[in-house]
Amino acid sequence: MKALLLAGGLGTRLRPLTERLPKPMAPVVNRPWLEHLILHLKSQGISEFVIAVKHNADVIRKHFEDGRKFGVRIEYSQEPELLGTAGAIKHAEQLLTDRFIVVNADIINHVELVPLLEFHQTNGALVTIGLTEVEDPSHYGVVQQTMSGRIVRFVEKPPRHAAPSNRINAGIYVMEKEALEWIPAGREVSIERETFPTLIRKGFPVYGWLVRGYWLDMGTLDRYLALHRDVLDGKCALQLSYPEQKEGIWTGEDVDIADDVALVPPVVIGNGVKVGRGCVVGPYAVLGDKVTVESGTSCSHSVVLPGARLEGNRTISNTIVGPEFSVAVQPPFYVANKKVVQR
């Protein structure tokens, strides 16, 4: 069985972080989210992948190639134009197995697959939608189910007072290939607005299963920082790229940290990082590879992307910093470097 990873979206609300990156390639504790996702799915028995790509596809292809260096096999489905969720699945049809898993790769889905697959098979479903529960479902696709889990209604982004439940589409599906017969080819098709309602209306067995694990829509800069806090708190059990030198302190290779630097856990320091005298790094600071922190600077609750430089004698907090931009997500805080985006 293959997994189809939908990685073609623009991620406009994460700009400038995604200015030159596909949203699934945004770094999460110094590793692209898409790499975390593939390694997680591999740990649950998935070794064959199809990645649906569109914008900046070369970034994904260059990083993963054919997948061998990650111990998996990867093929690519290049969208000629944006085809929507269902359209992207239809476009990849020739590469898919009779039963396959679809994962929206720009949503943080770190969940258990086996119970979802077992539920799908037991119920003889055509499609099983992985569900998660949220406090406010008005920004998502909401389902209404029978006691057996069969979906009888699918409502896309209803007003909060009109939502039939607080269970939403988590962006992960188990599908039988026959379902693709109901997706028209060659045009943009929404799986939430067109395909699922059509299958339900025609009486096909479409089920929903409440997935277990961590789920987050990484669609805003605030949530991007929140994700890093959750990882460092152990709420989202991602595999970090560096060994834990002391409790709550992960450090890469070839780092140059002055003797009087205070590292306040949790903190992640990438390869080749330089930290000058009198600095305080942490809590909840993630420094990417080859970051330079000049003397006297304090950095906490922030993500500093590879190659960035933090000027000396400054305070950086609740900020995403890259070589060409800084974003203060909860102003007012000091922001550094060339380009400033204030939300």
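This report covers a pocket, a helix pair and a sheet in a predicted model.

## Basis

Residues are numbered from 1 along each chain as its sequence is written, and side-chain values use heavy atoms, without hydrogens and water. Local features need pLDDT of at least 70 and side-chain atom pairs pLDDT 80 or more, while totals for chains, interfaces and linings use all residues.

## Second largest pocket

The second largest pocket holds about 580 Å³ of space (the volume filled by probe spheres set on grid points joined across faces, edges and corners). A pocket is an open set of points on a 1 Å grid over the protein atoms alone where a 1.4 Å probe fits, with protein on both sides within 12 Å along at least five of seven lines; lining residues have an atom within 4 Å of a point.

Its lining has 22 residues, with L17, L21, P27, L305 and P306 nearest the centre. β3 (31-32) and α2 (57-64) each give two or more residues (DSSP runs: helices H or I, at least four residues; strands E, at least two). The largest share, three residues, is from α2.

## Helices α3 and α5

The axes of α3 (residues 84-91) and α5 (residues 191-201) come within 7 Å and cross at roughly 70° (lines fitted to C-alpha atoms over the stretch in contact, with angles from 0 to 180 degrees between N-to-C directions). This makes α3 roughly perpendicular to α5 (65 to 115 degrees). T85, A86 and I89 in α3 meet I191, E192 and T195 in α5 (heavy atoms within 4.5 Å).

## Sheet

Four strands form an open sheet in the order β16-β19-β22-β25, with parallel pairing (at least two DSSP bridges between two strands). β16 (256-257) and β25 (309-310) are at the edges, each with a single partner strand, so one side of each lacks a neighbour in the sheet. Two bridges join β22 (residues 292-293) to β25, and V293 has L310 in β25 as its bridge partner.

Technical notes: Parallel < 35°, antiparallel > 145°, perpendicular 65-115°, else oblique.
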